[in-house]
Amino acid sequence: LSRRKMMKKIFLVLVGSNAALAFLPAAPMGLHAKSSVQMARAGRAPLGLRMQQATAVDRDQDNGVGQASMRKDAESLMQPCPLTKWGNTKMDVLSAQKQVQDMELPAYPLEVPKPESIADFDAQETYFRENKEQILSDLSKHGAVVVRGFDLCKTPEGFERMWKALGMEACLDPLHSVAGRPVVSGKSAVYEAVNKPSRSKFYVGMHNEMVGKRTVRRAAFVCFKAAEVGGEFIITDGMRMLKDMKSDVLTRLYQKNIRFSSAELPMSFMDKTGPLQPLLEPILKSVLGVVVDMKVDFEVEMFWNRVNGERVIQAHAPPQPPVIEHPDTGLPTWFCNIHSHSAMLRDERDGVLPETTGASKLNKSDVFFGDGTIISREDLKHVDEVTKKNQVLVAMKEGDVVLVDNYRTMHGRNIFEGTRKHAVTWFK
């Protein structure tokens, strides 16, 4: 243990005290946009409204203030996020695609409005308890269910009553070990859903909530306050993604697998170490590996690289397939975060990112083939096009909830103005 402490001190001196907290999958964002539709298919959130570019001031919780006690509350109530169920990783992916293409997929998402006859909170909770089998069956069938108009869900405590009535068991955030997401209420198992002011002008790319070896089974996203402009929740059906992929691109991605770089540390000072550089780089890589292993409970590997001519060290997740068989239904579905993690796609959406705070400063993701080679621009653009074709923007009002099957449904977020208070609870 003393050796580890010594190595950690060396690391902190070299690259700064926040760097060790940065190794977590990013939520890349970007795109100037507007949307006033209640729910619409979106190629990308429509252009037209230039959001104000005043410097945003992040809140205390974005910098960890007051989070320690709430994180302890969450840890006392919930088990860690479950392990990912990859299933058959040697499937005939084109046969799997044809299986989906031959299916008549159900409506996506399914809307469930509150019956007019239900008024008080107890009656609303009873409704969810009495209809839980149907709602969860619909979630499995459709991949996403939008629940609207229930006043019960306007507070973290009422929201907790709702999902408990459905019989779902909450789990810790996949990024809980690195405090990657602020806690809204540890006692009610509620996390924030990307409301950070410094990230308000950036579009959150479509992704399944996973960190390689850990994946939530389901999620419930709730609106406590809608943004004044924009901020729509976005979902994409993985089965429709798989259905629309070009066969050659799909084959290439599946056969070579996908690897994500989830964070990078600037190491330009290494180029000034002269003849010592070849000796220092493996030492620093080893120190980083030890520190990261002590901090995170998901797998990463450290790699040296150059970005825009500058030396960096990146944390890569292990290779993974972009298509899986759903662990419950057995049906094939796209299950891959290329759209959110690709640096090229993100840069085209966002341009230059403004300054942010906390560990987000070092959250710079990218995507490669499983062997570390570059995915072509043409293949990335195709993934982007199919994703945009199948996106659904969901304009949520206070108390609205979107239930998602995380193995099938990807999610993201439109840019916004004003104050946005959306939250999420993850389930085993």
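Is Trp-163 buried or exposed? Trp-163 is buried, with a relative accessible area of 4%. The views below come from a predicted model.

**View 1. Trp-163 and Phe-427 form one of 9 aromatic pairs.** The count of aromatic pairs comes to 9. In the pair of Trp-163 and Phe-427, the ring centres are 5.3 Å apart. The planes meet at 65 degrees, so this pair is edge-to-face, a class that needs planes over 60 degrees apart. Trp-163 belongs to helix α6 (residues 156-165), while Phe-427 belongs to strand β21 (residues 421-427). The pair therefore ties together parts that are 264 residues apart in sequence. Phe-427 has 0% relative accessibility, so this residue counts as buried.

**View 2. Phe-335 and Tyr-407 are a stacked pair.** Their ring centres lie 5.2 Å apart. The planes are at 20 degrees, so the pair is stacked. Both residues sit in loops. Phe-335 is in the loop between β15 (332-334) and α10 (338-341). Tyr-407 is in the loop between β18 (401-405) and β19 (409-413). The pair links distant parts of the chain, 72 residues apart. Phe-335 is buried at 0% relative accessibility. Tyr-407 is buried too, with a relative accessible area of 1%. Which residues do ring pairs link into a cluster? They are Trp-86, Phe-335 and Tyr-407.

**View 3. Charged side chains sit over the rings of Phe-202 and Phe-303.** Arg-199 lies over the face of Phe-202, 5.9 Å from the ring centre. Lys-285 places its charged end over the ring of Phe-303. Here the distance to the ring centre is 5.8 Å.

**View 4. Strand β3 is mostly covered.** In β3, Ala-144, Val-146 and Arg-148 point one way. Val-145 and Val-147 point the other way. All of these residues are buried.

**View 5. Strand β3 pairs with β2 and with β18.** Strand β2 (residues 110-113) runs parallel to β3, and 4 bridges join them. Where does Leu-110 stand? Leu-110 is opposite Val-145 in β3. The pairing of β3 with β18 is antiparallel, over 4 bridges. Val-146 has Val-402 in β18 as its bridge partner.

Key:
Residues numbered from 1 in each chain as written. Predicted model: local features only at pLDDT ≥ 70, side-chain atom pairs only at ≥ 80, totals over all residues. Heavy atoms only, no water. Phe/Tyr/Trp six-rings, centres within 6.5 Å; stacked < 30°, edge-to-face > 60°. Helix = DSSP H or I, 4+ residues; strand = E, 2+ residues; numbered from the N terminus. Buried < 20%, exposed > 50% of the residue type's maximum accessible area, 1.4 Å probe, protein only. Lys NZ or Arg CZ within 6 Å of the ring centre and 35° of its normal. Pairing = 2+ DSSP bridges.
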